[in-house]
Amino acid sequence: MGSAPATVGDMRRAQRADGPAAVLGIGTANPPTCLAQDEYPDYYFRVTKSEHLTDLKGKLTRICNKSGIKKRFIHLDKQLLAANPDFTDRTLPSLDARVEIASAAVPELAASAAAKAIAEWGRPATDITHLIFSTYSGARAPSADRRLASLLGLSPTVSRTILNLHGCYGGGRSLQLAKELAENNRGARVLVACSEITLIAFYGPEGGCPDNILGQALFGDGAGAVIVGADPVSPVERPLFEMAFASQTTIPETEDAISMQINKGGMEYHISNQVPRLLGCNVERCLVDAFGALGINNADWNDLFWAIHPGGRAILDHIEGVLGLDDGKLAASRHVLSEFGNMSGTTVIFVLDELRRRRVLAAKQEEGKAPEWGVMMAFGPGITIETMVLRAPTATLEGN
Ligand SMILES: CCCCCCCCCCCCCCCCCC(=O)SCCNC(=O)CCNC(=O)[C@H](O)C(C)(C)COP(=O)(O)OP(=O)(O)OC[C@H]1O[C@@H](n2cnc3c(N)ncnc32)[C@H](O)[C@@H]1OP(=O)(O)O
């Protein structure tokens, strides 16, 4: 080695960022086909030629009515479904065709979202050092992360990671990993991309399969992208949310509560009706531990801003109830659920986007001081709870 001896400690410090990781840009995208929730039962039973299954249609209608969803977006439009009639029968071997379509559509949707995030960030795409891609549609290699890197013209030295089948906690997990990468690699700029299209799991109704009816009422397609980095370079980079602390918790004995499995006919999934209750019983402990780790005890939950994954209306209701949150505290989550449905891992990125929009609007209208501290939470198979404590710098609001 050269003549200037440095300790391992010096080397480690030199490689790490000084400040916390922060969100520096957010983008979202959806496929063009939009379906109104109140028309969805008619649509679904018509396109799957299942109108004789009136009981199941009644159940889908009841769930749609209680879902808190107004509309959703879908890649699998009528023409694509007509060209792939096997998709309506999960006993037929349609996986090859689904993977073929998803392998192109998933990274393309992610690229639309990422282009917006990069534009907001303000630096060239070639400055991205790391890419984390999350999807439940990945079933081939090279996978969607490789394709997205090509579509965006990322550097060949970009360090890529793909997360598959994380379901609804994929966005939360990706953001936590991005935080670790940004804080442990000085100058790193991490692109997080989540892209979910339900095509891999779309099939017709059948008796004894209530999970499918629930899925048909809740899920939608979308992509979200976030640029994460520490020590923002002023004046180009502006932190939207600083990532103060992140943790993952697995609820014991809940392995069977939410599951996903790729089969010859597409992805099958199970979602227990106990999920809202199980989350309701466990979120407060995660929050107390997270704030405790920052030396903050007895936090008042109503003093925070909230970005909760809206997995279903009942999940938001349970969390609101157990934490004693005031009306409107979960408005960003309820709005995203209403306008897009549950887009699995992508959804929490839409909520962050909506939240920062609302914060800027409130600041412009001088509606009192917006909370400085907040929480992002996402949930999925495990049951896994991702918790992140966020700080929103007020300077970012003033600059808008
Ligand atoms: C645009 C096109 C889209 C195409 C979609 C294609 C589908 C593809 C899906 C692929 C994605 C799969 C990925 C899986 C990822 C897992 C990660 C998660 O999100 S974890 C997911 C996180 N999300 C959740 O866990 C959902 C949370 N749950 C909720 O939000 C609400 O319970 C509700 C909105 C579903 C119903 O409102 P609520 O006030 O409770 O109303 P009521 O008490 O009056 O009940 C009405 C009816 O609902 C029934 N039912 C209830 N639960 C279930 C169930 N689990 N199971 C079955 N049925 C259920 C209940 O039995 C009753 O039926 P009936 O007696 O009338 O016949």
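A crossing of two helices is right-handed if the near helix is turned clockwise from the far one by less than a right angle. The views below show a predicted model.

**View 1. Helix α5 passes helix α6 in a right-handed crossing.** Helix α5 covers residues 95–121, and helix α6 covers residues 144–152. Their axes come within 9 Å. They cross at roughly 50 degrees.

**View 2. Residues of α5 meet residues of α6.** From α5 come V106, P107, E108, A110, A111, A114, A115 and I118. From α6 come A144, R147, L148, L151 and L152. Sorted by type, the contact has 11 nonpolar residues, 2 charged ones and no polar ones.

**View 3. The largest nonpolar core has 48 residues.** L148 and L191 have the most contacts inside this core. Helix α5 gives the most to the core, with 12 residues. A second, separate core has 34 residues, including F73, A246, F305 and V336.

**View 4. L191 and the residues it touches.** Residues up to four places away in sequence are not counted here. L191 touches A114, I128, H130, L131 and I132, among others. Its contacts also include L148, L152, A225, V226 and I227.

**View 5. D353 lies in helix α12.** This helix spans residues 347–364. Is D353 buried or exposed? Its relative accessibility is 6%, and buried means under 20%, so D353 counts as buried. Leaving aside neighbours within four places in sequence, D353 is in contact with I26 and T28.

Definitions and conventions: Residues numbered from 1 in each chain as written. Predicted model: local features only at pLDDT ≥ 70, side-chain atom pairs only at ≥ 80, totals over all residues. Heavy atoms only, no water. Axes fitted to C-alpha atoms, helices over the stretch in contact; angles between N-to-C directions. Helix = DSSP H or I, 4+ residues; strand = E, 2+ residues; numbered from the N terminus. Contact = heavy atoms within 4.5 Å. Nonpolar A, V, L, I, M, F, W, Y, C, P; charged D, E, K, R; others polar. Core = buried A, V, L, I, M, F, W, Y, C linked by side-chain atoms within 4.5 Å. Buried < 20%, exposed > 50% of the residue type's maximum accessible area, 1.4 Å probe, protein only.
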